[in-house]
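Morning, everyone. I have one structure to walk through today. Please have a look at it first.

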Amino acid sequence: MQKFLHLDEISAGDFPKAIAKLYDWLGYTTTIRDGFNDNYIDIIATKGQKNLAIQTKAYSLNFDKAHAVDKSVVNGLHSNLKDGQQGIIVTTGVFTSPAMEDAKRQSIKLYDRTAIYQLVVAANPNLAAEVLYRKSLDELNLSRCPKCHAGYLAKLYSSKKDKYYYQCLNCHEISYENQLD
Ligand SMILES: [Zn+2]
């Protein structure tokens, strides 16, 4: 979950595993290939007649020297495809225009983060809902519940008692400020 919640923090090593997991959930049999000598292919995913050769590029957009996936990646993958294999390149970053042109010509699919989240929704709707839920709370900076440790605490105000209290969004436990500090 953390991986899909914070795409920009995902490591180059974890990214192929996270993408392979999505294809597992979609019913594919996946194999992750060695990162060093992978011939431009990180994951082989098969289901029936479908045979996907997937290259992944975790390029954080937070990095101040982030670079785009260029056409050398597209052409590298294309030259390593076997007959009947569909090439796919997945990135958390962006593709250069020449990369997009070559991919179109070679029928290679390019998946950016919009497509990554479409895959998450298709592969695991509960995970997608959890990511959305967490994103909706992220900017509120809520504390974790001291009781269940899973939920977040909503800070509430009781005008009747004229004081603040907390209620866990997960276990619904009520606590008062003095118990937390
Ligand atoms: Zn709780």
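Start at the hairpin of β6 and β7. Four residues sit between the two strands. In that hairpin, D162 takes a positive phi near 50°. Keep in mind that this is a predicted model.

Now the strands themselves. β6 covers residues 153-158, and β7 covers residues 163-168. They run antiparallel, joined by six bridges. Which residue is its bridge partner in β7? That is Y166.

Next, the open sheet. Five strands make it up, in the order β1-β2-β3-β4-β5, and the pairing is mixed. Its edge strands are β1, residues 29-32, and β5, residues 109-111. Each of those two pairs on one side only. On average, neighbouring strands in this sheet are turned by 20° against each other, ignoring direction.

Look at β3 and β4 within that sheet. β3 is residues 50-57, and β4 is residues 86-91. Here the pairing is parallel, over six bridges. I54 stands opposite I88 in β4. Helix α3 packs on the sheet and touches both β3 and β4. The direction of α3 makes about 150° with that of β4.

Stay with α3, residues 71-80. S79 belongs to this helix. Is S79 buried or exposed? S79 has 10 other C-beta atoms within 10 Å, so it counts as exposed, the cut-off being 12 or fewer.

Last one: how far apart are the C-alpha atoms of S79 and H149? They are separated by 50 Å, with the two residues 70 apart along the chain.

That's the tour. Over to you.

Definitions and conventions
Residues numbered from 1 in each chain as written. Predicted model: local features only at pLDDT ≥ 70, side-chain atom pairs only at ≥ 80, totals over all residues. Pairing = 2+ DSSP bridges. Buried ≥ 20, exposed ≤ 12 C-beta atoms within 10 Å, placed from the backbone. Axes fitted to C-alpha atoms, helices over the stretch in contact; angles between N-to-C directions. Contact = placed C-beta atoms within 7 Å.
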